[in-house]
Amino acid sequence: MRNKTISSQTPDSISEGESQLARLSPLGMDSESLANDFNRYFYYTLGRDRYDGDIGATYKALALTLRARLMERWKNTRAAYEDADCKRTYYLSLEFLMGRALGNTMLSLDVTEATREALYGLGLDLEEIAEKEPDAGLGNGGLGRLAACFLDSCATLQLPVKGYGLRYEYGMFRQKIDESGQLEEPDHWLRSGNPWEMERLEYTRQVQFGGRTENYIDAEGQERVRWVDTHNVLAIPYDIPIPGYRNGIVNTLRLWKATATDAFDLDEFNAGSYPESVEAKNEAEHITMVLYPNDSSENGKILRLRQQYFLASASLKDAIAEWKRLNDDDLSRFAEKNCFQLNDTHPSCTVPELMRLLIDEEGMAWEQAWAITTKTMAYTNHTLLPEALEKWPVRMYRELLPRLLEIIYDINVRFLTDVSTRWPADMDRLQRMSIIEEGPDPQIRMAYLAIVGSFSVNGVAALHSHLLKEGLFKDFYEFWPEKFNNKTNGVTQRRWLAACNPGLRQLIDETIHNGWIADLTHLHKLAPHAQNPEFRQRWHAVKQENKARLAALVERETGVVFGTDALFDVQVKRIHEYKRQLLNVLHIIHLYTRIKAGQTDNWVNRCVLIGGKAAPGYAQAKLIIRLICNVAKRINADPATDGLLKVAFIPNYRVSAMEVICPGTDLSEQISTAGKEASGTGNMKFMMNGALTIGTLDGANIEIREEVGDDHFFLFGLTEEQVHASRPHYDPNSIIAQDENFSGVMHLLESGHFNQFEAGLFNPIAHSIRSPHDPWMVAADFASYIEAQERAAACYRDRDRWVTSSIINTANSGRFSTDRTIGEYNSEIWKMEPVPAQAVK
């Protein structure tokens, strides 16, 4: 093709050029084509040669080879959506915990074996190259991983859904463990770039902060408000392809990077004030520098708020601009054709920001703008913890987002007027429901703002949604019962079974064919095979291979050696008191006391693995990590435990580690206090890979137990109703005194056995267990938990029984695919039509 710039082309020549591009042959998917393209990227794009031993360059060349194949489908998908004039949904989330892209891309394009063959012919190993890909530092826990699974399912179901997030330069942190417990180091995951992303400067948006508002009269004589004297920041989009499973669809995750409108102040620079010359640039870039800055300080809170508004404003401006481009600036059908799904409370400022754009920028009347807003906004709540529902000081909004504050007050006045019409003179109710929480330092209740501005409010598990309606949001449910619904979470089987557990995938494919990868309900066909001894033996062999892989990871990361004949007992998740890693540690200490007392008849060897990050400012969670590590060190060093009990804390828990952990796990610990866990998705990943669950009736555990039955789930603990009823007379000291096992555990903990040279180190933990005000009621569930663990051990001794239960868990995991979850979101909230696969050329 001739060299020419876009700006020099006439419309006719552009059309001619596009036509020429359209006639290009599709890129080959065979090993020879892949090898040829790999060489081209390696030698010519990256400028490397055969003497270069940088495995990172081979990873980049391979990523670019596969991305080129995604690019064909990506452009065709966009064209298909535009041609279909379809409704679209925009999924706004501060987290997208994507994990590694290479394996998922090969699976979706059906080129895994062709890629392996191409690399083998070049003297390269696919697995070695894949290990060079860093985990994308775009999320922390279940919220971000759920968002990533949702995008996968949307593409697989051919739904026009676009993700919006932030392109963090650094992830939350890289966790290291030493004698003092958790250490946080910067997670600069973008240090070597990201070959999967595409910078799209042409879609740069501008976001404003600070300034003031002023009233004016427009050309039509209407009184208007404008936001002036602002400090502006540019939002530069980076697009990441999200492929559907072998259907030609490639959706988009658009991540915003913040940068200054000017790189630096030349006058300051010339005057010798070098730090001042780049001050604006640095301040802007801080917005997307770090995932979840520590908000224990005022500056940290301001940065968090800037992040949230930056995401909301850039994304809304982007969606509106795209709509106007395709619809001749006509917004009359905007509400009919667009939906914004808010993933938790973080993006709640999307509600007043859309109002601002429609009123101030598009010239709409309040009523018209509010009608559009409340027909397009949908809110997902992910927490039952009141302290986790974000509130922002009014003073902070006044300083940072003054125009939004005015709109929020207007929304609140109109809303409370409607409430008082329904319940006249009910001042207590008005105070409870007000978006503004009055007091010495008035606060904006962001969850309430999201509820008032949305047409749909959903929880993420049956119990969670019930408790939202009966507790946290009861007043709002009584006012708008039609808004509230449940959408039980799920996980994508493409990553969490097909990709991460190739041995089990092969066995399942040979047994029931591979239709389950696109429709997980097909796994129910496995259930009859649980009675086949030969099939059980093959299932067990796959599990043992996976346990060997996990044991290798544990030894490499911690130095602790796990024997694969032992029961692999695993709890990996964010470290938080309500998730009760502490209860797990108490059971470990109980097992240790039994070994030391010689009570090892009918013993089941056990390897316990715990992992997860504690927020940097969460002292009690970090102390729990230190307790786990100290207990592990003491137990592993004691000759009496050799072969009977091993304990390890795996540092820097991440998606790529979980892809090894969940296939190799026997027993999945889901032991939160009933009524505290919204859903949980780790429980689903473990179940899907054949782990048995020990858990309370909390979150999605309830639905997992419904699917597998009582015999294949180790239930313990108080129910949510019992927790609530027990609180007024909760007496943990009496519980401990009356339980010999518990007393022995507390004696070891409080005697300093695990902190011999740091007296009193774990006193705060012991005090929390003994406190009648312990919100997590650890002591209340101890005895029941020990009994459930004994049932699990007895089951594991009977290998056929355990393997049968393992098969039953996998066979009944079909309900927990995000394909089902997204199908429900679409049919009940988004109401989009899938774009047929044949529409994508």
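Select K547 and F568 to begin: K547 lies over the face of F568, at 4.6 Å from the ring centre. A charge is taken to sit over a ring if NZ of Lys or CZ of Arg is within 6 Å of the ring centre and within 35 degrees of the ring normal. The model is predicted, so local features need pLDDT of at least 70 and side-chain atom pairs count only at pLDDT 80 or more, while totals for chains, interfaces and linings use all residues. Residues are numbered from 1 along each chain as its sequence is written, and side-chain values use heavy atoms, with hydrogens and water left out.

The charged end of R226 sits over the ring of Y216, 4.1 Å from its centre.

**Aromatic pairs**

A search of the whole structure finds 30 aromatic pairs. Rings of Phe, Tyr and Trp (its six-membered ring) pair if their centres lie within 6.5 Å; planes under 30 degrees apart count as stacked, over 60 as edge-to-face and the rest as tilted.

Select Y164 and W256. Their ring centres are 6.1 Å apart and their planes stand at 15 degrees, so the pair is stacked. Y164 belongs to strand β2 (residues 161-166) and W256 to strand β10 (residues 250-260), so the pair ties together parts that are 92 residues apart in sequence. Helices (H or I, at least four residues) and strands (E, at least two) are DSSP runs, numbered from the N terminus. Is Y164 buried or exposed? Y164 counts as buried, at 0% relative accessibility, and W256 is buried with a relative accessible area of 0%. Buried means under 20% relative accessible area, exposed over 50%, and partly exposed in between (1.4 Å probe, protein chains only).

Now select Y448 and F473. This aromatic pair is edge-to-face, with 6.5 Å from centre to centre and 75 degrees between the planes. The pair links distant parts of the chain, 25 residues apart: Y448 is in helix α18 (residues 446-453), and F473 is in the loop between α19 (462-472) and α20 (474-479). Y448 counts as buried at 15% relative accessibility, and F473 counts as buried at 0%.

**Positive phi values**

Select A425, in the loop between α16 (402-422) and α17 (427-433). A425 is not a glycine, although its phi is positive, at about 60 degrees. At 69% relative accessibility, A425 counts as exposed.

Continue to H513, which is placed in the loop between α22 (502-512) and α23 (533-558). Phi of H513 is near 75 degrees, again a positive value in a residue other than glycine. H513 is exposed, with a relative accessible area of 55%.

**Cysteines**

How many disulfides does the structure contain? The count comes to 0 disulfides, a disulfide being a pair of cysteine sulfur atoms within 2.5 Å.

Select C154, C339 and C349 to inspect the distances. The sulfur of C154 is 11 Å from the closest cysteine sulfur, in C339, which is too far for a bond. The sulfur of C349 also has its closest cysteine sulfur in C339, at 17 Å, too far for a bond. C154 is buried, with a relative accessible area of 1%, and C349 counts as buried at 0% relative accessibility.

**Cavities**

The tour ends inside the protein. The structure holds 5 cavities of 30 Å³ or more. On a 1 Å grid over the protein atoms alone, a cavity is a set of points where a 1.4 Å probe fits but cannot get out, and lining residues have an atom within 4 Å of a point. Grid points are joined across faces, edges and corners, and a volume is the space filled by probe spheres set on the points.

Select M98, G99, R100, A101 and I240. Of the 27 residues that line the largest cavity, these lie nearest its centre. The elements that give two or more residues to this lining are α3 (55-84), α4 (102-109), α7 (142-156) and β9 (231-243). The largest cavity has a volume of about 360 Å³.

Finally, select E577, R580, L582, Q620, I624, S768, I769, D774, W776 and V778, which line the second largest cavity. Two or more residues of that lining come from each of α25 (619-637) and α32 (763-770). About 80 Å³ of space lies in the second largest cavity.

Conventions:
On a 1 Å grid over the protein atoms alone, a cavity is a set of points where a 1.4 Å probe fits but cannot get out, and a pocket is an open set with protein on both sides within 12 Å along at least five of seven lines; lining residues have an atom within 4 Å of a point.
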